[in-house]
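Hello,

Here is the structure I promised to hand over. Please open it first, then read my notes below.

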Amino acid sequence: MRRTSIGLRRGTIVALLGLALEVPARADLPPELASACGDAVKGARAARVVGRTQGETIYLVTAKAGARLYSVTGGNEDPCGLPPVCTAFDARALATARGKLQASGAAASAQVVAAQACREDACPRLLVVQTGSGLRNVAGAIRVPDGCEPRLRTLALDRRHDAVHLMCSTSAGAGDIQAHLVYRVADALLVNLLSFDGGSTQLVSPSERADGACTIGPVGAIAITKIDGAPAWRVTRAPDAGQSGASCKQQRAIEEDLRWDAKAGAFDPIGAPRPLERDTCDCRR
């Protein structure tokens, strides 16, 4: 009787283990992500929000093969009622910068990554801040202009914190349009602090260059300076009506000085914006 009893117990345990192995582990993915991305996130182990703006949520999805970023636009979050669209992003960096980017002041890297599959009319891009190597360590992500050819650098907000300065060039006609965007990490998300028009590049043809004409460059810039003995940002942007001027040596621009207010989490203007003219000639042959 004792052997029979032990045999029954073992059989019961084996049967229960078999049932447990037949039930696959499944991540409890947000319904919006699972619905929009479907098979692309099938078998994912976890997902967390690393970016959120009006009409878009960015998820870091972890699967057996590794981590990947997915953006979901439209759906319930879209104020216009557009259907949900899922976009997967590549891990390859188009531009990189490093500085004191974490909210604590610790070091982190910023990267711009592009969509895994770009359309002919647009190529979505994300700015991503990572606290370590690999996408598992994303501290925040945010969408930047589609088709942006990026340049990244970090600029000091104060002694302990840096901001990410992204300069985007987007093709337009016989030149490009330049946009400047500044971000910082706050509340586990990336927050936009400044956005302004840097102007445009107007290329000259080879024959015009041979005659001495110069390519007109954009006027936009950010520089760190000192005003009344304290650090400040000097921002130069295109006028509201657009960059113009009689020649490449006389391109109209607006200059403004700003100081970072850490308590308010924003910039305060120092004085009023002032018009000026910039020499943006590029006459290299």
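Predicted model: local features only at pLDDT ≥ 70, side-chain atom pairs only at ≥ 80, totals over all residues.

**Disulfides**

How many disulfides does the structure hold? There are four. A disulfide is a covalent bond between the sulfur atoms of two cysteines.

C118 is joined to C123, with an S to S distance of 1.9 Å. C123 has 11% relative accessibility, so this residue counts as buried.

Next come C148 and C168. Their sulfur atoms lie 2.0 Å apart. The torsion about the S-S bond is about -90°, so this disulfide is left-handed. The pair links distant parts of the chain, 20 residues apart. C148 sits in the loop between strand 7 and strand 8 (149-156). C168 belongs to strand 9 (residues 162-172). Are these cysteines buried or exposed? C148 is buried, at 0% relative accessibility. C168 is buried too, at 1%.

Then there is the disulfide between C248 and C281, S to S 1.9 Å. This link is right-handed, with 85° about the S-S bond. It too connects distant parts of the chain, 33 residues apart. C248 is in the loop between strand 14 and strand 15, while C281 is in strand 17 (residues 281-282). C248 counts as buried at 12% relative accessibility. C281 is partly exposed, at 25%.

Seven strands make an open, antiparallel sheet in the order 1-2-3-4-5-6-7. Strand 1 (46-53) and strand 7 (138-144) are at the edges. Each has a single partner strand, so one side of each has no neighbour in the sheet. From one strand to the next, the twist averages 30°. Inside this sheet, five bridges pair strand 3 (residues 66-73) with strand 4 (residues 85-99). S71 has T87 of strand 4 as its bridge partner.

Four strands form another open sheet, ordered 13-14-15-16, again with antiparallel pairing. Which strands stand at the edges? They are strand 13 (221-227) and strand 16 (266-278). Each pairs with a single strand, so one side is left without a neighbour in the sheet. The twist averages 25° from one strand to the next. Strand 14 (residues 230-237) and strand 15 (residues 251-261) are joined by five bridges. R234 has D257 in strand 15 as its bridge partner.

Best wishes

Methods: Residues numbered from 1 in each chain as written. Heavy atoms only, no water. Pairing = 2+ DSSP bridges. Helix = DSSP H or I, 4+ residues; strand = E, 2+ residues; numbered from the N terminus. Axes fitted to C-alpha atoms, helices over the stretch in contact; angles between N-to-C directions. Disulfide = S-S within 2.5 Å. Buried < 20%, exposed > 50% of the residue type's maximum accessible area, 1.4 Å probe, protein only.
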